[in-house]
Amino acid sequence: MERLSVSFKNSIELKTNNIYAPLVERLNEYKNSPCTGFHIPGHNRGNAVLNSFKEVIGSDALLVDTTDEFDNLGTLHPASGTIKEAMDLASKCYDSRRTFFITSGSTISNLALAFGVICPEDEIIVARNSHRSVLTGTILTGSKPSWLMPKKLNDWAIYGSICPDELEFKLKNNNKVKFVWVTNPTYEGVVSDIKKIADICHKYDVPLIVDEAHGSLWNFHDELPVSALKLGADAVVHSLHKTGGAMTQSSMLHIGKNSRLDETKIEHALKLLHTTSPSVLLLASLDAARANLSSKQGYELIQNAINNARFFRTQASKIDGVSVLGENSDIITDITKIFLKVKGLTGKRLESVLELDFNIEIESASDEGILILSNIGNTRAEFEYLLAAITKIAKEDYPDLSHLEDVKFMPLTEPNVVMTPREAYFFKKIKVKKEDSIGKIAAEVIALCPPGISVLLPGEIITKEHLPYLSEYSEIEVVDE
Ligand SMILES: Cc1ncc(COP(=O)(O)O)c(C=O)c1O
């Protein structure tokens, strides 16, 4: 893959045979040395749960289902004990000034960043393809976002990379901007030039926050794009649960080494927003993911995911009627995220054929294509099976039944903003029929998941381009003008 900006060397130093995950070790000790507990959680190591539930998840999971504060595992807020040790190890590994463990998903990482550093009325520049949690941050803070529209990849009906020159233009013309917030990579794996973007931000002395939720493997392999933490971002969010092997909801929030942000404010925001009962299971899964990914074994797992992706991309692109994003074009993607389309079929139809006829479940489908993740947990045999399925589908005549389905074509349109998200959110609202909403001001966040990118935010005029995408809505909340 073409490298962006600076040369990179990380994995070589990180690879190690010595796997040390202190929180995992402490949890193991806790599991094996039961005490008589009179504290939360009330199921007391699984003694009082429904048997069928215990059978599904395994009694060991319940034995270690506890929160911080107890059993000398340390605390999350304030960071102490083994939990702190695990966070410090992650910080060292990612080369951050500070790393926080989050058990409420990257949603809370993003909200804590917004709430921690952005003030009411602050002008901020936000990439429009940001996850709704970033955009919710603008409601929470009352800030004034100016939208940075990523390139539109019309053939794929998705957003592409961010144009650094457009960012520079915006910064040059508005010296009140307090922060820039971008998402990299996109959900479909398109990569922006973060080095250039960081340099531009810092030229204007504006901090850069990068939502790198889908790039948590990047720190660990030099065939993957360079993490924003190495390229000067002031804060970076990683959803370790998405591709890093941690359990669902586990995320890390990193403060860059030379960050312009005040991490005590972010810590404060986390105290306010984060659960006060973090699952130690999830915290340990973050510790385990860091230890695993930075080990020799983890490196090999990532190498395997890259090799499988390369194999699949090369073979799939040779099939008549199949196109793979990033192959035969200058669009730069994370190789492990494979967005493809088959001629004559919508992504939705392709997804359902894969599911019904081949028992294959992919990451997601849009109108145009499907997103396949080459994960550290996938095998070559699985990719061979997927390739055989795609080959068969592309060759055979699978009628496209998209006319029977709800087509959700994401409108990649520049929003027409008439109120700040917060103003509109708290304004008097009414519900109107979707068809009657054209020309009115949206009062709710409309962001279908996946990918959770907002199509409409409170304060934006609803247009006819939005309607086909809103097939799940019969009514829409609008500002009662
Ligand atoms: C770019 C991006 N950021 C943040 C999030 C939120 O992450 P989580 O689901 O861990 O709360 C998502 C979720 O899909 C995402 O795609």
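Which domains does the domain assignment of the chain give? The assignment lists domain 1 (20–294), domain 2 (297–404) and domain 3 (421–479), with bounds that come from an automatic or database domain assignment. The centres of domain 2 and domain 3, taken over C-alpha atoms, are separated by 32 Å.

The model is predicted: local features need pLDDT of at least 70, side-chain atom pairs count only at pLDDT 80 or more, and totals for chains, interfaces and linings use all residues. Residues are numbered from 1 along each chain as its sequence is written.

The ligand comes next. It is surrounded by 15 residues, and the closest are Gly105, Ser106, Thr107, His131 and Ala213; a residue is counted here if its C-beta atom, placed from the backbone, lies within 6 Å of the molecule. By class, this shell has 3 nonpolar, 11 polar and 1 charged residues. Ala, Val, Leu, Ile, Met, Phe, Trp, Tyr, Cys and Pro count as nonpolar, Asp, Glu, Lys and Arg as charged, and the others, Gly among them, as polar. Helix H6 (residues 105–117) supplies the largest share of the shell, 4 residues. Helices (H or I, at least four residues) and strands (E, at least two) are DSSP runs, numbered from the N terminus.

H6 also packs against helix H11 (residues 263–273), at an angle of about 125 degrees and with the axes 8 Å apart. Axes are lines fitted to C-alpha atoms, for helices over the stretch in contact, and angles run from 0 to 180 degrees between N-to-C directions. H6 and H11 are therefore oblique to each other; angles under 35 degrees count as roughly parallel, over 145 as roughly antiparallel, 65 to 115 as roughly perpendicular and the rest as oblique. The crossing of H6 past H11 is right-handed. A crossing is left-handed if the near helix is turned anticlockwise from the far one by less than a right angle, and right-handed if clockwise. Two residues are in contact if their C-beta atoms, placed from the backbone, lie within 7 Å. The contact of H6 with H11 has 11 nonpolar, 2 polar and 1 charged residues.

A second pair is formed by helix H5 (residues 81–94) and helix H12 (residues 280–293), which pack at an angle of about 35 degrees with their axes 10 Å apart. H5 passes H12 in a left-handed crossing. Ile83, Ala86, Leu89, Ala90 and Cys93 in H5 meet Leu283, Leu286, Asp287 and Arg290 in H12. These residues divide into 7 nonpolar, no polar and 2 charged.

Pro164, Leu167, Glu168 and Leu171 of H8 make the contact with Lys196, Ile197 and Ile200 of H9.

Some backbone details lie in loops. The peptide bond from isoleucine 40 to proline 41 is cis, with omega near 0 degrees, and proline 41 is in the loop between helix H2 (22–32) and helix H3 (51–57). Histidine 77 and proline 78 are also joined by a cis peptide bond; proline 78 is placed in the loop between helix H4 (59–63) and H5. Alanine 157 has a positive phi, near 55 degrees, and is found in the loop between strand E4 (152–153) and strand E5 (158–159).
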